[in-house]
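Visitor: I would like to go through the labels given to this structure and ask what each one rests on.
Guide: Then let us take them in turn.

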Amino acid sequence: VPREEPFLRRVAANGGWWLAERFALLGLTLVTSVVIVRALGPTHYGELSYVLALVGLLAPLAQFGVSGLVARALLEKPGDDAAVLRAALLLRLAGCAVAFGIGLAWWAVFETRPAQRWVVLVLLAAQFATSLQVAEFWFQVQFKAAALVPWRTGVAVLAALLKMAVAVTTHDPIHVAGVFAIEYLLSGGASLLALRRASGAWLQPARSPEWVRWFAARSPWLLASGIAEVIYLRIDIVLLERLRGVEEAGIYAVAARLSEVWYMVPVALMGAVFPALWSRRSDGPAYQRGLQGSLDALFAVALALAVFLQFAGRPLVHLLFGTAFSASTPVLQIHVWAGIFIF
């Protein structure tokens, strides 16, 4: 037990950094969303939501199913960090190229207003920079969240200020979407610089046959589940825009945003807990207790949020977004219950 105490303190401190970052981003995202929604109104916010949802549908291809495997690979072969990260980066860049190609085809063939929605291609091009975020998993397994979180939080704050400023001054959803592309670039650059400072090495793509085969053997199911998940989360806004117009999409998107903004909580919690669970994988009962405890906590949080928004949804929507979005309340009261299963 005495030998485990320093390890548990490291886990708690490292997890505290990740959770603090996620909760800070949660508040920042909520404030940013309120300002943008109020500045754009239902129609323009629907336009912005459609563009972001369309790009979001291609995000799993850009991740290529490897993101969920990087931490495991680093834990299995702790002395092979550079080769793991380089192979993962190479595969993610390949995924970004596939996503860009599909997005370009959609834009050329199906977009009814390509001149107004050129920003879709800009966002897909900027998505290449998000490949550098594979560095995050190195910080997770090394318990060095403190070396990355300030960089990413600084980028998030800067991007949020830019989004709000552009929304308030231009009232143009395309210009606001352009700021999201800038955020992708800044976030990738922050991950790259943080890794350089912490490890002394630059992250660059490289062909490592052993690890490329390792990822290729395990990523297809994760890629498939990622595609299924993002279709579930994003196809509704795309369909609404196509079938009912941007205003209906904007009304719906506000409810979805208020419901989905909490989804970063389980990601942060499990990202923080995973290294500790992995270290106890040889002790079956201890591993099961840790996993069950994590799932119980996630369920309790999701249920509490669902009950709260069921009763407080109407005044909350009115307070945050105004009467123009009052029709979002019934959607929110249904949509929020999906959070239990997502968590």
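**Labels and their grounds**

Guide: This is a predicted model. In it, helix α4 (residues 81-109) packs with helix α5 (residues 119-126) at an angle of about 175°, their axes being 9 Å apart.

Visitor: Why are α4 and α5 called roughly antiparallel?
Guide: The label requires an angle over 145 degrees. The angle for α4 and α5 is about 175°, and therefore the two helices count as roughly antiparallel.

Visitor: Which residues make the contact?
Guide: On the α4 side they are Ala 99, Phe 100, Gly 103, Leu 104 and Trp 107, and on the α5 side Leu 121, Leu 124 and Ala 125. Sorted by class, the contact has seven nonpolar residues, one polar and no charged ones.

Visitor: What makes α5 largely enclosed by the rest of the structure?
Guide: A residue is buried under 20% relative accessible area. Six of the eight residues of α5 are buried, so the helix is described as largely enclosed. The buried ones are Val 119, Val 120, Leu 121, Leu 123, Leu 124 and Ala 126.

Visitor: Where is Thr 112 found, and is Thr 112 buried or exposed?
Guide: Thr 112 lies in the loop between α4 and α5. Exposed means over 50%; Thr 112 has a relative accessible area of 59%, so Thr 112 is exposed. Apart from neighbours within four places in sequence, Thr 112 is in contact with Arg 117 and Arg 242. Its C-alpha atom is separated by 42 Å from that of Leu 19, 93 residues away along the chain.

Visitor: How many aromatic pairs does the structure hold?
Guide: There are seven. One of them is Trp 138 with Phe 139, whose ring centres are 5.1 Å apart and whose planes are at 85°.

Visitor: Which residues do ring pairs link into a cluster?
Guide: Trp 211, Trp 214 and Phe 215.

Visitor: What sits over the ring of Phe 180?
Guide: The charged end of Lys 163 does, 3.9 Å from the ring centre. The distance cut-off for this label is within 6 Å.

Terms used. Residues are numbered from 1 along each chain as its sequence is written. This is a predicted model: local features need pLDDT of at least 70, side-chain atom pairs count only at pLDDT 80 or more; totals for chains, interfaces and linings use all residues. Side-chain values use heavy atoms; hydrogens and water are left out. Rings of Phe, Tyr and Trp (its six-membered ring) pair if their centres lie within 6.5 Å; planes under 30 degrees apart count as stacked, over 60 as edge-to-face and the rest as tilted. A charge sits over a ring if NZ of Lys or CZ of Arg is within 6 Å of the ring centre and within 35 degrees of the ring normal. Axes are lines fitted to C-alpha atoms, for helices over the stretch in contact, and angles run from 0 to 180 degrees between N-to-C directions. Helices (H or I, at least four residues) and strands (E, at least two) are DSSP runs, numbered from the N terminus. Angles under 35 degrees count as roughly parallel, over 145 as roughly antiparallel, 65 to 115 as roughly perpendicular and the rest as oblique. Contact means heavy atoms within 4.5 Å. Ala, Val, Leu, Ile, Met, Phe, Trp, Tyr, Cys and Pro count as nonpolar, Asp, Glu, Lys and Arg as charged, and the others, Gly among them, as polar. Buried means under 20% relative accessible area, exposed over 50%, partly exposed in between (1.4 Å probe, protein chains only).
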